[in-house]
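Work through the exercises below with the sequence and the model open. Each task is followed by a solution in steps.

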Amino acid sequence: MNKPVISAKGLTKKYGRTAALDSVDITVYRGDICAVIGRNGAGKTTLFRVLTGLNSADSGEYTVLDRSAGEISSIMHRVGSLIERPAFFPNLTAGQNLKYYALQRGITDDANIDEALRTVGMYDERKKKFRKLSLGMKQRLGIALAFLDDPDIVFLDEPNNGIDPTGISELRESILCMNREKGITFIISSHILTELYTIANRFMFIDGGRIIRSMTKAELNKECMRYTAVETNDASRAVALLEEQLSLTDYTVTDTSQLRIYQSAASSAEINRILVQGGVEVSALYESGLSIEDFFISIIGGDKQ
Amino acid sequence: MINMIRSDIYRLLRSKVLIIPIALVLYAVIASVVNIAPAAIGTTDLLGLFQAETIVSQPMMELIKEKSYGELQELPIKVLREMTLSSGYQYDRAALSCNFNMLYFVLVAAGVSINQDFTCGCIKNTLSSAVGRGRYFASKVLVVNLAAIAGTAVHSFIIFWVSRIINGSAVSAGGAVVFRSFCRQIPAIMALTSVYVLLAFVVRSGVLYNILGILLPEGFSLIYLLTDSVKRLHFLQKYDIMVIMLRSVTDVALSYTITSSLVCAAVMALSYGAGYTLFRRLDIK
């Protein structure tokens, strides 16, 4: 397994009496593209702010690239981020703004700046003042800053805001390419869940400041995939019968009485026949499955499944 | 740290915001030199260039004290210049004693370097991806101090040279005296800068920073108000930053240089201590 690059335990942050983060435990591994999914005000941005050192946590501990909160400043040059809206100096051009931050990080080669601008399709706009850029262009510039000089970790908070469909597609390709070729770890929040689903390999669902579910893509697929649910009086006997007669391999037993069968080749009628003939009582048998949106709603609302 | 300073200088040189105070300072220098009125911001139409009212220097006032202010104002500037030039008045040294006016330059330098980071939200890009808070704070302190000292130095020596060109060497204290006077002012300049740095970190709204920054000198006058009625506290009046600036030029006693430098160091320690304590715990928006 890859090495964790971010880990947090019991992370809590309060604004007044409201807990924006409430005992958050997370682990993100090197090379992950981790999607953080939650409603408005769920705590996504606060989580990003704490992990990037912009806000301090009230309690709990965390490490980024093996450095604890107190030592995090020494590795911040290896972290890129776009948190909330992109913020730049309005009277400087796009290129000058990136040059300013490049100088801060000790990057003297302008080729890095040009590469970051090209990655987000902003190279031709580099001489425009920031205040004259459109919302989408500003967002692209914010992403270019996050990508500057190939950091080890990139935090992107709602990166698709204001970006046109072509831009979203280009951004997706850039993220996948940088992740694949340079091993950059991404932590991304977005409300476009289908987009996140396309690129992420790890998912964290956050609500009310708490991480309510954390799973890999395979686990999410299993949760969302359509399946045949079988409720019986004897799940282990049912499994034995189905393994024997249907060569069943892809299934889970959620509790002692419910079996979820993910193999699409097995029809409900056939499953029912085998179980009844084998003497297993079937109290319910139905098709089910969720989209990622459905899954998200089901776990935050708990009643829409 | 060096990278932070380089980036700040890069931005300061491209932001063009400093052009306004530099232009104002240059205008004031020329107007003041022509009038031989060190603190003058207003000026006269001696060269047919300026129309505003003349503010007459204190030495000149003493020189012609038998005349009323009204009569004085009606005197042609040419006559006033001749009277002053013949009095042995050291214009450049007197002008240095008014370097407190450079606070407007410091106000803008701290505003551009620190306050603008907060108002445009750019500070989050720096703190989340470049440096920690300690280095950020230290580099800003260094940059604003460098700008303040360099700005005051340039201002002082422009006065020296412009005065020599326009008024001749008769009203000059000489380069060595000007340089020593400027050096003695450095602790006061740094103390003044520390107060503006503190203000920039405390007041993170651009408009409020500018208003409070302009009103800040009035705050220094509080020392007079608070100590005026208590005779035992009168000695404190010597340590108002404005007075330290002035006396750094006129009072060359070593004891005063030492005590005033200690006061300036205390102001800096308090300002930077308070500023960093606040900044370290601040949630960046």
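**Exercise 1. Describe the build of chain A.**

Step 1. Chain A has ten helices and 14 strands, where helices (H or I, at least four residues) and strands (E, at least two) are DSSP runs numbered from the N terminus. The model is predicted: local features need pLDDT of at least 70, side-chain atom pairs count only at pLDDT 80 or more, and totals for chains, interfaces and linings use all residues. Residues are numbered from 1 along each chain as its sequence is written, chains are lettered from A and ligands numbered from 1 in the order in which they are written, and side-chain values use heavy atoms, with hydrogens and water left out.

Step 2. Taken along the principal axes, the box filled by the C-alpha atoms of chain A is roughly 75 × 40 × 35 Å.

Step 3. Of its 305 residues, 50% count as buried; buried means under 20% relative accessible area, exposed over 50%, and partly exposed in between (1.4 Å probe, protein chains only).

Step 4. Take the contacts in chain A between residues at least 6 apart in sequence: 69% of them join residues at least 24 apart. Contact means heavy atoms within 4.5 Å.

**Exercise 2. Characterise the interface of chain A and chain B.**

Step 1. On the chain A side 32 residues are in contact with 29 residues of chain B.

Step 2. The buried area is about 2,600 Å², and carbon and sulfur atoms give 52% of that. Buried area is the accessible area (1.4 Å probe) that two parts lose on being put together, summed over both.

Step 3. One salt bridge is counted between the chains. Its partners are Lys13(A) and Asp283(B), with the closest N and O atoms 2.8 Å apart; the rule asks for a side-chain nitrogen of Lys or Arg within 4 Å of a carboxyl oxygen of Asp or Glu.

Step 4. Across the interface 16 residue pairs are in polar contact, both residues at pLDDT 80 or more. A polar contact is a pair of N or O atoms within 3.5 Å; within protein, one must be able to donate a hydrogen and the other to accept it, and residues adjacent in sequence count only if both atoms are side-chain atoms.

Step 5. On the side of chain A that touches chain B, at least two residues each come from strand S1 (4-15), strand S6 (79-82) and helix H2 (94-104). H2(A) gives the most, with six residues.

**Exercise 3. Is Ser181(B) buried or exposed, and which residues is it in contact with?**

Step 1. Ser181(B) belongs to helix H10 (residues 175-202) of chain B.

Step 2. Its relative accessible area is 1%, so Ser181(B) is buried.

Step 3. The side chain of Ser181(B) reaches the backbone oxygen of Val177(B) at 2.8 Å.

Step 4. Neighbours within four places in sequence aside, Ser181(B) is in contact with Arg93(B), Leu96(B), Ser248(B) and Val249(B).
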